[in-house]
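My notes follow in the order I checked them.

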Amino acid sequence: MIDYVIASYNRPDDIKKKTLKMLAYNKIPIDRIYIVVADKQQEKLYRQSNPDYKIVVGQKGIIQVRNFIRRKWSGKKICMMDDDIKSIRQYLDKGKWGQLRKISNLDKLMTKGFELLDKYGGRLIGISASSNTRSLSEDITAGLTLVGMIWGEHCDGKIQMKTECSNIEDCLLGLAYYKKYKSGIKFNGITSSAGLEVGVNDGGNQTKGNMDRTDKSVLDCQMRLIIKPWADLITGYKVKSFDYSGSGNQGNKMYNIRWKKDLKKVVGQLKSVY
C-alpha cells in the first residue's frame, strides 16, 4: 500500500484546488492521503479547508518537514509531492517532438515503480523535472535518480537532508540514496505541471532563514555539497540561468551538472498511457 504525502504551509485553499484535485482525478483514496503541516496553528487552518483529509503536524521548513516525513514513514512506501501540482503527464513518442498526455492512474504508475525497485534495487522513483518534450523519452532507467515535484520513496529515516540548501534538495536526496543503495528508478517520460503563480501566496513550508537565495549562495551550496564531494561522478559543469516561473526571464543562476552516463542504464520503456 502506497501512501500519498504532501508537505504544505499556508496554502489550505491552493492545495485543494491543485494537488488534492489532481489526486482525486487519479482516484487516490482519501484515507491514503496525508497533508503534513508545520504546527498546530497550521493544522487548524488546513482542517477548516480540508476536513476530510488526514492532517499530520510535522516541522516548519521544507527540508525539516521532509526529513520528518522520512522518519515517520521509515520503512514504508510513499509518493511524496509538492502542494501545487495540477497534473501528471506522460510523454508519448508520436509526431516530430512527441506528445504529452495527462494520466489518470498515478497509483498504477507508482506500483510499477516500486516493483522495478524490488527488481533493480534502490529506494527512489524519480520523474522528469522538465516538461520539454525534446528532453523526454519513453525510457525507464535504473541507477542515479534525481527527483522533482513528485517522487516515490521507500523511506529510510536515517537519510536526513541538510537544511541549508533547500533548492538543491532534489539532487542531494538522489545522491544520498544512490550512495547507500547504489540504484533507483526513473520514468524519463513522466512529468508534472505546477499551478502556483510565483510570488503569490508563497508557502511550501519555506522559512526565511532556511537559505540565502542569492545566485552566489546557490552556486556555493552546489560546489560544496555536490560538485566537490561527488567529483568522481561528474564529467562537467557550467553556470546556467534557470527560469522556474515560465516567465521567460533569465531566472536564478545555478551550475548545470553533467553526470557520467554509466550511472544509469535503460531497463525498459513506458508505452502505456496510465
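I started at Asp 220, which counts as partly exposed at 36% relative accessibility. The model is predicted, so I keep that in mind for every entry. Asp 220 forms a salt bridge with Arg 224, and the closest N and O atoms are 2.8 Å apart. Arg 224 is also partly exposed, at 37%. Both residues lie in helix H7 (residues 215-227), four residues apart, about one turn of the helix.

**Other salt bridges**

How many salt bridges are there by this rule? I get a count of eleven. I looked up Arg 66 next. Arg 66 forms a salt bridge with Glu 169, with 2.6 Å between the closest N and O atoms. Arg 66 sits in helix H4 (residues 62-72) and Glu 169 in helix H6 (residues 169-181), so the pair ties together parts that are 103 residues apart in sequence. Are these two buried or exposed? Arg 66 is buried, at 8% relative accessible area. Glu 169 is buried too, at 5%. The cut-off for buried is under 20%, so both values qualify.

Then I took Glu 138 and Lys 271. Their side chains meet in a salt bridge, 2.6 Å from N to O. This pair links distant parts of the chain: Glu 138 is in the loop between strand S7 (124-127) and S8, and Lys 271 is in the segment after S14, 133 residues apart. Glu 138 is buried, with a relative accessible area of 10%. Lys 271 is exposed, at 52%. The cut-off for exposed is over 50%, so Lys 271 qualifies.

I also noted a network of salt bridges that links Lys 40, Glu 43 and Arg 47.

**Cysteines**

I checked for disulfides and found zero. Cys 155 counts as buried at 1% relative accessibility. Cys 171 is buried as well, at 9%.

**The sheet**

Which order do the strands of the open sheet follow? I traced nine strands as S3-S2-S1-S4-S9-S7-S10-S8-S14, and the pairing is mixed. Strand S3 (54-57) and S14 are the edge strands, each pairing on one side only. Neighbouring strands are turned by 25° against each other on average, direction ignored.

Four of its five residues are buried, so S8 is largely enclosed by the rest of the structure. On one pairing, S8 and strand S14 (residues 264-269) run antiparallel over five bridges. There Gly 143 stands opposite Lys 264, and Ala 142 has Lys 265 as its bridge partner. S8 also pairs with strand S10 (residues 185-187), again in the antiparallel sense, over three bridges. In that pairing Thr 141 is partnered by Lys 186.

**Helices on the sheet**

Which strands does helix H5 (residues 106-120) touch? I listed S1, S4, S7, S8, strand S9 (150-154), S10 and S14. The direction of H5 makes about 145° with that of S10. I then turned to H6, which lies across S7, S8 and S9. H6 runs at about 25° to S9.

**Nonpolar cores**

The largest nonpolar core has 43 residues. Val 36, Ile 69, Trp 73, Leu 173, Ile 226 and Trp 259 touch the most other members. I asked which elements supply at least two residues each. They are strand S1 (3-7), strand S2 (33-37), H4, strand S4 (77-81), H6, H7 and strand S13 (252-259). H7 gives the most to this core, with seven residues.

Last, I looked up what Leu 173 touches. Leaving out residues up to four places away in sequence, its contacts are Arg 70, Leu 124, Val 147, Trp 151, Glu 153, Ile 159 and Met 161.

Notes
Residues numbered from 1 in each chain as written. Predicted model: local features only at pLDDT ≥ 70, side-chain atom pairs only at ≥ 80, totals over all residues. Heavy atoms only, no water. Disulfide = S-S within 2.5 Å. Buried < 20%, exposed > 50% of the residue type's maximum accessible area, 1.4 Å probe, protein only. Pairing = 2+ DSSP bridges. Salt bridge = Lys/Arg side-chain N within 4 Å of Asp/Glu carboxyl O. Core = buried A, V, L, I, M, F, W, Y, C linked by side-chain atoms within 4.5 Å. Contact = heavy atoms within 4.5 Å. Axes fitted to C-alpha atoms, helices over the stretch in contact; angles between N-to-C directions.
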